[in-house]
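Hi,

Here is the structure I promised to send over. Have a look at it first, and then read on for my notes.

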Amino acid sequence: MNTKNLKFTLFVHLYGLMKIPLVLFVSPRVVEAGDKRFVLKIPLGYRTKNHLNSMYFGALGIGAELSIAAAAVAAIAESKMKIDFVFKDFTAQYLKRAAGDVHFICDEVEVVKSLIEEAKTNPERIERKMKGYAVVPSVNPSEPVMTYELTLSVRNRSLKS
């Protein structure tokens with residue numbers, strides 16, 4: 001793990017500790033934090049597996065949300081503005097059992113950043129559908145086990161509408 005990914009992992013853990021403690025329960029790790037792509041790993045273990053020894057539905061949901069939320073939190077921190085975000089809806093297609101450590105991949109980091117950039121000057125709530133997918137690299141790194149879509153909703157608290 002390179003220094004940037006380690007710092008980002010610590011950031012995700014600190015954010016989880018302060019805002020959403022359940023995030024820490026699944027032990028997420030940042031694998032890649034680039035300008036175009038964000039990859040987050042959740043290990044398959046005692047806390048995250050179900051009775052069939054595959055990743056539990058709730059852990060998959062946390063990973064999907066975090067793959068987009070971490071990019072949003074980083075963009076908001078860079079903006080130095082009071083911008084709130086929430087996910088309005090969540091749709092997922094479970095294609096195969098996730099029988100190993102799962103990597104959640106968001107290739108729309110640029111879209112997240114542009115949404116936060118737009119929120120800097122817009123007092124209204126802004127929403128965009130964001131897509132991602134999950135793979136189990138130890139089984140097949142190119143075949144998704146899950147695809148997901150979340151609507152990211154942001155609003156600049158410092159601007160009154």
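Which strands does helix H1 lie across, and at about what angle does the helix run to S1? Helix H1 (residues 3-18) lies across S1, S2 (38-42) and S3, and its direction is at about 130° to that of S1. Keep in mind that this is a predicted model.

Now the other helix I looked at. H3, residues 57-79, packs on the sheet as well, where it touches S2, S3, S4, S5 and S6 (140-156). Its direction makes about 150° with that of S3.

As for the sheet itself, it is open and has six strands, in the order S1-S2-S4-S5-S6-S3, with antiparallel pairing. S1 (29-33) and S3 (83-94) stand at the edges with a single partner strand each, so one side of each has no neighbour in the sheet. From one strand to the next, the twist averages 25°.

Going into the sheet, S4 (residues 102-106) and S5 (residues 126-136) run antiparallel and are joined by three bridges. Here phenylalanine 104 stands opposite alanine 134 of S5.

That alanine got a closer look. Is alanine 134 buried or exposed? Its relative accessible area is 0%, and because buried means under 20%, alanine 134 counts as buried. Leaving aside residues up to four places away in sequence, alanine 134 touches Val102, His103, Phe104, Glu143, Pro144, Val145, Met146 and Tyr148. I also checked alanine 134 against valine 31: they are 103 residues apart in sequence, and their C-alpha atoms are 13 Å apart in space.

Last, the surface. Which residues form the nonpolar patch there? They are Tyr56, Phe57, Phe90 and Tyr94, which together have about 430 Å² of accessible area. Tyrosine 56 sits in the loop between S2 and H3, and it is partly exposed, at 47% relative accessible area.

Cheers

Technical notes
Residues numbered from 1 in each chain as written. Predicted model: local features only at pLDDT ≥ 70, side-chain atom pairs only at ≥ 80, totals over all residues. Heavy atoms only, no water. Pairing = 2+ DSSP bridges. Helix = DSSP H or I, 4+ residues; strand = E, 2+ residues; numbered from the N terminus. Axes fitted to C-alpha atoms, helices over the stretch in contact; angles between N-to-C directions. Contact = heavy atoms within 4.5 Å. Patch = residues over 30% accessible without salt bridge, like charges linked within 9 Å, V, L, I, M, F, W, Y side chains within 5 Å. Areas by Shrake-Rupley, 256 points an atom, 1.4 Å probe, with all protein chains shown as cover. Salt bridge = Lys/Arg side-chain N within 4 Å of Asp/Glu carboxyl O. Buried < 20%, exposed > 50% of the residue type's maximum accessible area, 1.4 Å probe, protein only.
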